[in-house]
Amino acid sequence: MKNLVILGAGTSGTMMANHLRPKLYLNKWNITIVDQFKTHYYQPGFLFLPFDIYNEDQVKKVGKKFIPKDVKYIQKKIEKIIPEENKVELEGETLKYDVLIIATGCKIAPEETNGLLGPLWKKDIFDFYTYEGSLALREKLRGWQGGKLLVHITEMPIKCPVAPLEFSFLADTYFREKGMRDKVDITYVTPLSGAFTKPTCTTALNYLLQEKGIKIETDFAIEHVDNDTKEIIDYEGRKIPFDLLVTIPTNMGDEVIGKSGLGDDLNFIPTDVNTLQSKAHENIFVIGDATNVPASKAGSVAHFEAETLTDNILLYIDGFPLKKEFDGHANCFIETGNNKALLIDFNYVTEPVHGKFPFAKVGPLSLLKESVLNHWGKLAFRWIYWNMLLKGIAIPFVSRNMSFKGKVFDIKPEKNN
Amino acid sequence: MAVKTIAGVEVKVTEDGYLEDMTQWNKEIAKEIAKELNIDLTDKHFEVINYLRDRTIAKEALTIRSVGKSGIVDIKQLYELFPKGPLKFSSKIAGIPKPTSCI
């Protein structure tokens, strides 16, 4: 018997287990999946929890429910990966593998920024990238009387890069509906040169910030948080005061990656951008947020990656060359508040385009344009996630590689430095 | 996309002046772009620029933090070399794509 081991039972790991089990002979391949946690969270839901749009039950389920019955599920902490010996050490147990899939994701590392975990953490400083953080922020917002709200990105790359912008838009709607928008000053603080950094998006979307009265501070690379004066300070000494700081801390791959010597300085694993094979070891494959590929760290990307990776694992075990297929395809809904959303479709080299999705000219969803239908698409996605995506069921009419049919590329960008 | 003559060479540039093709880059082009940004390039600047180009060729994502850990400069020094926009200005001078998010 041969062993295929999957590390991590999040979005990517669960999808891989579901894709591979029916395709690998039961009498030839054992599949084992390891995750230390019992609960599988619908992470896109963390954006909605603070605003009371979703409740706790809508964003979590027991992870094992989504793992096929012929896959062995081990709920234990992963201690170390030893690639030279094709072994993974767990708490009190060692697994041997012939093929390893690493899907350990990424998470916030607030300890990387001086002062972030100071006395104001979870009092006036919050994250919404964890279940606990998102819930704590909900409690804070329910009773908050207003003041200066900063929505802040520490550094790129982050999981779901548009979530902080969506948070700003939803905050605008939330405070408006509570009749206290005039008491809240919202500022979006980014280390990049703007809220929208790609020319097509700058052109199409810059109005959103103005329309919602959201201020912006660009090129801000945080050096530390001053808990006494309630300010964030960058490397040039620029200070931005806050009453409530909603921050996206540095995102890093799992510490087991660092401990095993497999990652870069952020514990992301060097991975071939088109085949998803790890660069250092030919029998190790990497998927989702754990890779260092320059695609967005998002569930839709993991979904498209999973289709290519499934083919490549089958090719690899039969000794065939791998497909250089994955193109960085991402397809994401972006909430813009007031029950509207945008939909974007892009890949490694193509900027988000205008047009219709998934059918050329027909849609029904519009790309790069606000619509109520896109908002319902985003909400419907939660059902698709639990019932189709995790189970590895292909989403009809949405292909793994980006399609160029019916899309408009000749958008004249505005000047943007 | 537009064509611009920088240091006597016709290069393809984006709307905001970043080189479209990093292989069209040379040191003279770097110096001229830097001049527009009021930066006088020193050897230290070029060490950073070469590091950024190497990482880009290796298809690795660039962060201020990774430059800070490169052993060439720390983040404060990076800011001193490229004030106001360390990564975006150094990228522009290095002839590599502008650091962007997904939108």
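I started with A:P157, which sits in the loop between strand 12 (147-153) and helix 3 (163-177) of chain A. The model is a predicted one, so I write down what I read from it as computed values. I checked the peptide bond from A:M156 to A:P157 and found it cis, with omega near 0°.

I then looked at A:C160, which lies in the loop between strand 12 and helix 3 of chain A. Its phi is positive, about 45°, although A:C160 is not a glycine. Is A:C160 buried, partly exposed or exposed? I noted a relative accessible area of 27%, and A:C160 is therefore partly exposed, since buried would need a value under 20% and exposed a value over 50%.

A:P358 has its place in strand 23 of chain A.

Next I asked which way strand 23 (residues 354-359) and strand 24 of chain A pair. They are antiparallel, and I counted 5 bridges between them. I picked out one position: A:K356 stands opposite A:S366 in strand 24 of chain A.

**Strands 21 and 22, chain A**

I went on to strand 21 (residues 330-337) of chain A, which pairs with strand 22 of chain A in the antiparallel sense over 7 bridges. A:I334 is placed opposite A:L342 in strand 22 of chain A. I found a hairpin here too: strand 21 and strand 22 of chain A have 2 residues between them. A:N338 is in the turn and has a positive phi of about 50°.

How many residues of strand 22 (residues 340-346) of chain A are buried? I read 6 of 7, and I put strand 22 of chain A down as mostly covered.

**Where chain B meets chain A**

I turned to the interface and listed 24 residues of chain B in contact with 39 residues of chain A. The size of an interface is often given as the accessible area lost when the parts come together. For chain B and chain A I noted about 2700 Å² buried between them, with 54% of it on carbon and sulfur atoms.

Across this interface of chain B and chain A I found 3 salt bridges. One of the pairs I looked at is A:E112 with B:R65, whose side chains meet in a salt bridge at 2.7 Å, N to O. I also recorded 5 residue pairs in polar contact across the interface of chain B and chain A, both residues at pLDDT 80 or more.

Which helices of chain B supply at least two residues each to the side that touches chain A? I wrote down helix 3 (64-68), helix 4 (75-81) and helix 5 (86-94) of chain B. By class, I sorted the side of chain B that touches chain A into 8 nonpolar, 5 polar and 11 charged residues.

**A loop in chain B**

Last, I looked at B:K84, in the loop between helix 4 and helix 5 of chain B. The phi of B:K84 is near 75°, a positive value in a residue other than glycine. I noted 60% relative accessibility for B:K84, so it counts as exposed, the cut-off being over 50%.

Note on methods:
Residues numbered from 1 in each chain as written. Chains lettered and ligands numbered in written order. Predicted model: local features only at pLDDT ≥ 70, side-chain atom pairs only at ≥ 80, totals over all residues. Heavy atoms only, no water. Contact = heavy atoms within 4.5 Å. Buried area = accessible area lost by both parts, 1.4 Å probe. Salt bridge = Lys/Arg side-chain N within 4 Å of Asp/Glu carboxyl O. Polar contact = N/O pair within 3.5 Å; in protein donor to acceptor, adjacent residues only side chain to side chain. Helix = DSSP H or I, 4+ residues; strand = E, 2+ residues; numbered from the N terminus. Nonpolar A, V, L, I, M, F, W, Y, C, P; charged D, E, K, R; others polar. Buried < 20%, exposed > 50% of the residue type's maximum accessible area, 1.4 Å probe, protein only. Pairing = 2+ DSSP bridges.
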